[in-house]
Amino acid sequence: EGLAGLADRSSRPHRMPRRTTVEATAAIVAARRAHHAGPVRLAAILGLAASTIGAVLTRAGMPRLAEVDRLTGELLRGRRHSD
């Protein structure tokens, strides 16, 4: 490639054949809203790996259960957890 071969290139993959499908992502987010459960419990319900569910929830911008009110599902802003 000559001098062009010395230039920096992105290490980002060109494709991701094993990426979680759009349908599976939608099912995970819907299950989270319906069951108000964490990745481990959702893994038992959906039959997927808990790590996959955790990654999908993070990518979807879903807050952690500790940051959400149990009854209303609203974010707890300005509230601090006691240690």
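1. A salt bridge here is a side-chain nitrogen of Lys or Arg within 4 Å of a carboxyl oxygen of Asp or Glu. With that cut-off, a search of the whole structure turns up 1 salt bridge. It joins the side chains of Arg-64 and Glu-67, at 3.9 Å from N to O. Arg-64 is exposed, at a relative accessible area of 56%, while Glu-67 is partly exposed at 34%. For these labels, buried means under 20% relative accessible area, exposed means over 50%, and partly exposed is in between (1.4 Å probe, protein chains only).

2. A word on what you are looking at: this is a predicted model, in which local features need pLDDT of at least 70 and side-chain atom pairs count only at pLDDT 80 or more, while totals for chains, interfaces and linings use all residues. Residues are numbered from 1 along each chain as its sequence is written, and side-chain values use heavy atoms, with hydrogens and water left out.

3. Now the overall layout. The chain has 3 helices and 0 strands, running α-α-α from the N terminus on. Helices (H or I, at least four residues) and strands (E, at least two) are DSSP runs, numbered from the N terminus.

4. On overall shape, the radius of gyration is 19 Å, whereas a compact globule of 83 residues would have one near 12 Å. That radius is taken over C-alpha atoms, and the globule rule is 2.2 Å times the number of residues to the power 0.38. The C-alpha trace spans about 65 × 35 × 20 Å along its principal axes. Buried residues make up 16% of the 83 residues.

5. The accessible surface of the chain is about 7100 Å², and carbon and sulfur atoms hold 53% of it. Areas come from the Shrake-Rupley method with a 1.4 Å probe; for residues, only the protein chains shown count as cover. As for contacts (heavy atoms within 4.5 Å), residues 24 or more positions apart account for 41% of those with a separation of 6 or more.

6. Which residues of helix α3 are buried? In this helix, residues 50-59, they are Ile-53, Val-56 and Leu-57. These three sit on the same side of α3 because they cover an arc of only 100 degrees around the axis; the arc is that of the directions from the helix axis to the C-beta atoms. Ser-51 and Thr-58 are exposed on the other side of α3. The buried residues pack against α1 (22-35) and α2 (39-46). After α3 comes Gly-61, with a positive phi near 80 degrees.

7. Arg-32 deserves a look. This residue belongs to helix α1 and is buried, yet has no salt bridge. How far away is the nearest side chain of opposite charge? That is Glu-67, at 7.7 Å. (Lys and Arg count as positive, Asp and Glu as negative; His and the chain ends are not counted.) Setting aside neighbours within four places in sequence, Arg-32 contacts Ala-37, Leu-42, Leu-57, Met-62, Pro-63, Arg-64 and Leu-65.

8. His-36 sits in the loop between α1 and α2 and is partly exposed, with a relative accessible area of 31%.

9. In helix α2, Ile-45 is partly exposed at 40% relative accessibility. Ile-45 and Ile-28 are 17 residues apart in sequence, and their C-alpha atoms are 9.8 Å apart in space.

10. Before α1 there is Thr-20, partly exposed at 24% relative accessible area. Beyond neighbours within four places in sequence, Thr-20 contacts Thr-25, Thr-52, Val-56 and Arg-59.

11. Last, the segment after α3, where Glu-74 is found. Buried or exposed? Glu-74 counts as exposed, at 54% relative accessibility. Leaving aside neighbours within four places in sequence, Glu-74 contacts Glu-67, Val-68 and Asp-69. Glu-74 and Arg-59 are 15 residues apart along the chain, with their C-alpha atoms separated by 19 Å.
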